[in-house]
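Let's take a walk through this structure together.

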2 protein chains.
Amino acid sequence: MIVTASINKIRAIIKKNKNKTIGFVPTMGALHQGHLSLVRRARKDCNFLVVSIFVNPIQFGPKEDFKNYPRNLKKDIQLLKKEGVDLVFSPKNEQMYFYDFSVFVDEVELSQTLCGKSRPGHFKGVCTVVSKLFNIVNPDIAYFGQKDYQQVLIIKRMVRDLNLSVKIKVLPTVREKDNLAMSSRNVYLKPQARKDSVCLYEALTFAKKLIKQGQRSPEEILNKMREIITSKESTKIDYMIIADAESLKELKVIKGKALISLAVYIDEVRLIDNIVVNIKSFMKK
Amino acid sequence: MIVTASINKIRAIIKKNKNKTIGFVPTMGALHQGHLSLVRRARKDCNFLVVSIFVNPIQFGPKEDFKNYPRNLKKDIQLLKKEGVDLVFSPKNEQMYFYDFSVFVDEVELSQTLCGKSRPGHFKGVCTVVSKLFNIVNPDIAYFGQKDYQQVLIIKRMVRDLNLSVKIKVLPTVREKDNLAMSSRNVYLKPQARKDSVCLYEALTFAKKLIKQGQRSPEEILNKMREIITSKESTKIDYMIIADAESLKELKVIKGKALISLAVYIDEVRLIDNIVVNIKSFMKK
């Protein structure tokens, strides 16, 4: 496994392997089983596998946790070596962003809601860095987790609208035994907060149950979800939404494929989670 | 020569020729000797040559000349055939921009001045379409004319900042016998306006002469240029600037490599022109 911070070295290695199917898993490091599920799938699909580790400064807001975002490059590299990764790209900030960096890629519709609303500029930062990484690595297939549902939708839109030739594969959210969605930020959770954090998935599955039982009012469902989450003292809801799973427009009545998505602060730690409910699949039963 | 509007067909042909050096000349059609100078140079440099013809709607402002921009696809294709072009890409608007298109590439520093100031959103449209075309054609070298000096600078910045792997080659402005810079928009000029239009280059060369003689005050030089241009009744100055040729920052004292750039309406027709003056080259003499 080659580990390098050099863009030129990455380009040279990619060029040598251009006749292979290049799989790519972009990460911010602090790898967990969610990342590793992407790596394992990519390892099966592709005969050359690249993973990037880069905590992208421009997708963090000025008051967000860029400085304190968990970093553990040594451990990450060990994990990736075990998975049989071919190439790890771990650039420094100044290699990715020159002092007079001035070109951004921006999605302007899907990013207006959910996390984009709470974190202005976040998806501009994501689209810009993912563009850069795609252009450096030139992958055939790139892998993302459904936990970042909105991110995946925006990246797919970017691929379509900018005519990128990469294929985007999305894999299910990987969860802890108690169903907390895996996240690098989970390490921030103190013991009580960690216990409370299961209420996110509880709220989501309760919503799904209500829909299964015939409830079609997002308002009613969100009220129940709010009850579940606010019953824990450590929680503060950032947003909760039931939206069309393609357009991300808020639903007034539940129909089609609905995304139930939320962001909740547990103490100071902002966690996100989501599930997609396909109404038709219930109606068939 | 293959002519197609299909993105998929372009991709398939490019894939077949991926071991060749792919040259690319993006145009908005209405081809003139300026475009053809790019095509000829690309033909010499590369063993597979692609030209695109696409009047890009999103780089025109709402009050600009998108509808009336000169179009002559038949004649353009004849010209390109004579030059031995391999592939012409002439997509329709709806192939380039889906109804819910929502991803843009935006340069935010160099585009704040000169034409970017007069035409808000123009360079965002340019960067977005050029990104798309680069991603579709995947060229090794792309060719642009110095007449669009600011555009070239912005595209080079985009290539750097988004880590595109294309090389940008810039060729000198091609001029009519009386030194009017070639432009598709020149066909709009009525006989008197056409006569008056030579004052743009006259003003630029007079500025150069003044600098050669030792004048270092942009203010003084711009005053003289203004006199030359406003002596023609049909003219209305959009902007005139003497700027650092790299940063495009306005110069208070002329030094280094200076760009002298202007945009002038002749009747209703907006024309641009520029020259670069390297002070050091005068000082050596």
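Strand 9 of chain A and strand 10 of chain A, residues 269–278, run antiparallel and are joined by 10 bridges. Keep in mind that you're looking at a predicted model. Now follow the chain to where strand 9 of chain A turns into strand 10 of chain A. This hairpin has two residues between the strands, and Asp267(A) takes a positive phi there, near 50 degrees.

Strand 9 of chain A has a partner in strand 8 of chain A as well, which covers residues 235–244; these two pair in the antiparallel sense over nine bridges. Here you can pick out Thr235(A), which stands opposite Ile266(A) in strand 9 of chain A.

Strand 9 of chain A spans residues 257–266, and eight of its 10 residues are buried, so the strand is largely enclosed by the rest of the structure.

Next, let's move over to where the chains meet. On chain A, 23 residues are in contact with 23 residues of chain B. Which elements of chain A give two or more residues to this side? They are strand 5 (103–107), helix 6 (122–137) and helix 7 (149–161). Strand 5 of chain A gives the most, with five residues. Sorted by class, the side of chain A that touches chain B has 11 nonpolar, five polar and seven charged residues.

Zoom in on strand 5 of chain A and you'll find a pairing that crosses from one chain to the other. Five bridges join it to strand 5 of chain B, residues 103–107, and the two strands run antiparallel. Glu107(A), for instance, has Val103(B) as its bridge partner in strand 5 of chain B.

How do the two chains relate overall? Turn chain A by 180 degrees, with a shift of 0.0 Å along the axis, and it can be laid on chain B with an RMSD of 0.0 Å. The two copies are thus related as by a two-fold rotation axis. The same surface serves both copies, as 100% of the contact residues of chain A recur in chain B. If you'd like a landmark for the axis, look for Val105(A): of the residues of chain A, its C-alpha comes closest to the rotation axis, at 2.3 Å.

Methods: Residues are numbered from 1 along each chain as its sequence is written. Chains are lettered from A and ligands numbered from 1 in the order in which they are written. This is a predicted model: local features need pLDDT of at least 70, side-chain atom pairs count only at pLDDT 80 or more; totals for chains, interfaces and linings use all residues. A residue is buried if 20 or more other C-beta atoms lie within 10 Å of its own, exposed if 12 or fewer, and partly exposed in between; C-beta atoms are placed from the backbone. Helices (H or I, at least four residues) and strands (E, at least two) are DSSP runs, numbered from the N terminus. Two strands pair if DSSP finds at least two bridges between them. Two residues are in contact if their C-beta atoms, placed from the backbone, lie within 7 Å. Ala, Val, Leu, Ile, Met, Phe, Trp, Tyr, Cys and Pro count as nonpolar, Asp, Glu, Lys and Arg as charged, and the others, Gly among them, as polar. Copies are superposed by least squares on the C-alpha atoms of residues with pLDDT of at least 70 in both.
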